[in-house]
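Q: Please take a close look at one part of this structure, the place where its chains meet. A single connected account would be welcome.

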Amino acid sequence: MKTRYPEDGAFDEAPPKAGIAQPLVRVLGWASLVLGVAELVAPARIERGAGIRDRRAAVRGFGVRELASGAGLLMSRKPQPWIWARIAGDLADLAVLASARPGGRGLLARNRPDPRLSAFVALAALTAVDLACAEALRREGRARRLRGRGHDWSGRSGFPRPAAEMRGVARNFDVPDHV
Amino acid sequence: MKALCWHGKHDLRYETVPDPIIEEPRDAIIKMTHCAICGSDLHLFDGFMPGMKSGDVVGHEFMGEVVEVGKGNDKLKVGDRVVVPFTICCGECEQCRRGNFSLCERSNRNAEAAAKVFGHPTGGLFGYSHLTGGYPGGQAEYVRVPFADVAPVKIPDGLDDERVLFLGDIFPTGWQAAVQCEIEPDDTVAVWGAGPVGQFCVRSAVLLGARQVVCIDQVPERLAMAAAGGAVTIDFSRESVIERLQELTRGKGPEKCIDAVGLEAHATRSIDSVYDRVKQATMLETDRPHVLREMIYVCRPGGTLSIPGVYGGVVDKLPFGALMNKGLTVRTGQTHVNRWTDGLLRLIEEGQIDPSFVITHQVDLSEGPAMYETFRDKLDGCIKVVMTP
């Protein structure tokens, strides 16, 4: 987009390139929706996958939270609060994972790594992505705001003389007869 | 022809639509030379206005050259340069004869629908939903102007488009808001909102002789422009509006208060703003009336509230007790543009004001969708966007 200004090119700079924040917001929004549906519909499988048990109600609650976050991220013009809600949710997930009783692993699985550890690592990675998204939003938002701050319209009075001298100039303004 | 078309919330497209044709003898077709994005267009963009349909051509601030005239139109001829007021009026009905042009009884083609919502129909407007007639708007290469022998203002040679374009809406809107205040020489006039209409409210109040004009906003570039026009400024993100207004008026409050913000007030730090956001999100309230509440609270008893800011539906928790007991006068309405155009054109011709001061961005019409976002988000120092075909 080429933007022109009345002042001779004084602010005629190219707009900043689109950053990664918005694409990341969309990806995380859809991921939240998918995860939310999975947690609501199949909490037992989620429990098994994470290697925990007796947390089915909590998993369903997390599903509702994920759906809310996903909808917020995809529909809101200002996704920052929703990203921070996701980060808070990530921390809650990590706490539940750390405190939950380990699920049964069966004879054949004894030599495999603990699924809780895998889930913990995956969640930690997701939290890092959420934090990166929050930081990108903050950085890009600040850059956009600062870009406007360079403009100085303090010389734009619209009057031919200082405003103080224009006071009352149109006090006898004619109003048409029919009014 | 090319035009900006509304397809839903935050979905505006630059696309090809059929050319307009003369439908009635009094019509004219205008080849648009300049148009602008109005703050009230943002209410359409943000999905707050009912009655929009996918594909509607938007825009109600425009001017151009007459390229075709209906057989019953004796006022205009091909080649005339005209500014077209955003209000469509017949010039003959009872309201038009009283000068209440925005309440024209004949120009709204969907009068029944409007009457269901508002109790009575109001006048037709360009590009502003089917409740106001469903007329295609002016952010297009060509525009059909109904009753074109009444409202369009012929522009004399020697005046640039940029200087006269705003005669079609924001200049008379700011002017009417100030006139409605019946400003006395000792008055303090407080203007909420330093957007384009707020800027014209400030200058109109100065020209009409207010002792002190105060402008309230939080965007530094906008406050700087308001200060240039003669206003004392209040940044509501940094200081208490009520305390500062009391201080500036020796504890008595401003005599005249103007709401140039309307239904999308952005105050976020007050309890009532949070309340409005929640109620709006849950569809229990359509508009966010923070400014109205603040004006009622701070206005001097016996004072006047003038409301050019657009409201569309219902508001909640309005302190009507304070309004009644303080004996405040409320004056509002869409602008009766043609009441003021002759006099304001004269002010421009005399050089008393150059309305182009408010233009911060000029772009091609094709860049309109992106500029709506820039304007809405107040990015890039944006205050007023003007577009050319």
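**The interface of chain B and chain A**

A: Across the interface of chain B and chain A, 13 residue pairs are in polar contact, both residues at pLDDT 80 or more (N or O atoms within 3.5 Å; within protein, one able to donate a hydrogen and the other to accept it, and residues adjacent in sequence counting only if both atoms are side-chain atoms). On the side of chain B that touches chain A, two or more residues come from each of α6 (196-207), β12 (212-217), α7, α12 (337-349), β17 (361-364) and α13 (368-376) (DSSP runs numbered from the N terminus: helices H or I of at least four residues, strands E of at least two). The most come from α12(B), with 6 residues.

This is a predicted model in which local features need pLDDT of at least 70 and side-chain atom pairs pLDDT 80 or more, while totals for chains, interfaces and linings use all residues. Residues are numbered from 1 along each chain as written, chains are lettered from A and ligands numbered from 1 in written order, and side-chain values use heavy atoms, without hydrogens and water.

Chain B brings 54 residues to the contact and chain A 33 (heavy atoms within 4.5 Å). Salt bridges between chain B and chain A number 0 (side-chain nitrogen of Lys or Arg within 4 Å of a carboxyl oxygen of Asp or Glu).

In strand β12 of chain B lies B:Q212, which is buried at a relative accessible area of 13% (buried being under 20%, with a 1.4 Å probe and protein chains only). Beyond four places in sequence, its contacts include A:R167, B:D187 and B:L248.

Conventions
Buried means under 20% relative accessible area, exposed over 50%, partly exposed in between (1.4 Å probe, protein chains only).
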